[in-house]
Amino acid sequence: MNPQKKLHDWYLLHKRDLPFRKKKQAYPIWISEVMLQQTRVAAMLPLFENFLNRFPNPEELAKASEEEVLAHWKGLGYYSRARNIRKAAIQLVNLYNGSFPKDLELVLKLPGIGNYTARAVLSIAYDLPYAVLDGNVKRVLARYVGYTKNILGPKADLELQEKANEFLNLDFPGDHNQAMMELGATICLPESPKCLVCPLMEGCFARIHGKTKDLPIREKSQKQISLQGEIWIVQKDDVYLLIKEPKNRFLKGMFHLPYGFLGELPNNEYQPSDFFHFLGSLKGKSQTLGTIKHTITHHKLEYSVPHLKLNHTRDLESFLKTSGIDFKWVNLDSLETEFPSSLAKKVKKILLY
Ligand code: SF4
């Protein structure tokens, strides 16, 4: 029996009963794949169900405001993905009557949809012959075919994509892709792979050569960037200021507490805004409540939290208006809905402490 057939038989016996894959429908498969890129299945399922209840199809998602979509993304992080999902839904409705096109190149043109997601949706929903490559598949392939180079970086992506294409089961591309991901998640684990129960054990390079501990090779080149800054709580009566500042490096396009970075900054993209300097001029009137730590991709951020209570906000609001910065005042109960990031939770905790 060829290895693809063994893998398929294994998958049919062991596949998990996942609600988003029961029906071969592109929309829920797409949403679930994007959510799963950042969250484990168990944590993602209730959020997925909640999201699908509110936005059951691309039409409903396309009609919704960005704020509402972000609020339903709470708990998943990486909010640019939620913004892109909404933009892509708008294009699906406007260009393709709300359906996913069955062409890889067209799907790749949709906002926020990369190679992995496009291939996963097209193969799982439509059984089109596109092999996926995610972290789990890379590990399985690197061990199985004996890929002895670094698996990180664009060159490795190209080479491993070719290996994945060659290994694809053309009779069942959707099942095959899910089987590879499932094998990586449950059998070919990063530490201590369970080779004895693996359907690919017979032809596996790493198992045969005793190299399961050495493969895959992962050499990171990206450096961690540490930044120090301030995230401000600006209070008027019992409401708090949120702004939407398009030039900021993080939290783009969403309402957030004003923040900025200080000290020696690695490059221009982290420069504090004029409004942050404006707040700095009011520092003497504020009280620092403490510090919080936050990580975004390869950035380690440490913010001190000044709390500024204002009786009059005319100057501040006129500064925001003339700077073209959107703003709103929200009460403490709705802070986390209006600013749907774990940062809001951390700041609220420090404020209430
Ligand atoms: S035999 Fe072992 S190392 Fe090879 S694919 Fe299976 S679990 Fe991974």
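Helices are DSSP runs of H or I with at least four residues, and they are numbered from the N terminus. The model is predicted: local features need pLDDT of at least 70, side-chain atom pairs count only at pLDDT 80 or more, and totals for chains, interfaces and linings use all residues. Residues are numbered from 1 along each chain as its sequence is written, and side-chain values use heavy atoms, with hydrogens and water left out.

**Exercise 1.** Locate Lys346 and determine whether this residue is buried, partly exposed or exposed.

*Solution.*
- Step 1. Lys346 lies in helix 16, which covers residues 342–352.
- Step 2. Buried means under 20% relative accessible area, exposed over 50%, and partly exposed in between (1.4 Å probe, protein chains only).
- Step 3. Lys346 has 29% relative accessibility and therefore counts as partly exposed.
- Step 4. Contact means heavy atoms within 4.5 Å. Leaving aside residues up to four places away in sequence, Lys346 touches Ile292, Lys293 and His294.
- Step 5. Ile292 is 54 residues from Lys346 along the chain, and their C-alpha atoms are 6.9 Å apart.

**Exercise 2.** Find the nearest side chain of opposite charge to Arg86.

*Solution.*
- Step 1. Arg86 belongs to helix 6 (residues 79–96).
- Step 2. Lys and Arg count as positive, Asp and Glu as negative, while His and the chain ends are not counted.
- Step 3. The nearest side chain of opposite charge is that of Glu66, at 4.1 Å.
- Step 4. A salt bridge is a side-chain nitrogen of Lys or Arg within 4 Å of a carboxyl oxygen of Asp or Glu. Arg86 is buried and has no salt bridge.
- Step 5. Among the residues that Arg86 touches, not counting those up to four places away in sequence, are Leu61, Glu66 and Val69.

**Exercise 3.** Describe the interface of domain 1 and domain 3.

*Solution.*
- Step 1. The chain is divided into domain 1 (25–126), domain 2 (132–221) and domain 3 (225–352); such bounds come from an automatic or database domain assignment.
- Step 2. The contact takes eight residues from domain 1 and 11 residues from domain 3.
- Step 3. Buried area is the accessible area (1.4 Å probe) that two parts lose on being put together, summed over both. Between domain 1 and domain 3 this area is about 720 Å², with 57% given by carbon and sulfur atoms.
- Step 4. Glu67, Lys74 and Tyr79 supply 52% of the area that domain 1 buries against domain 3.
- Step 5. The rule finds one salt bridge across this interface. Separately, Lys244 forms a salt bridge with Glu67, their closest N and O atoms being 3.4 Å apart.

Definitions and conventions:
Helix = DSSP H or I, 4+ residues; strand = E, 2+ residues; numbered from the N terminus.
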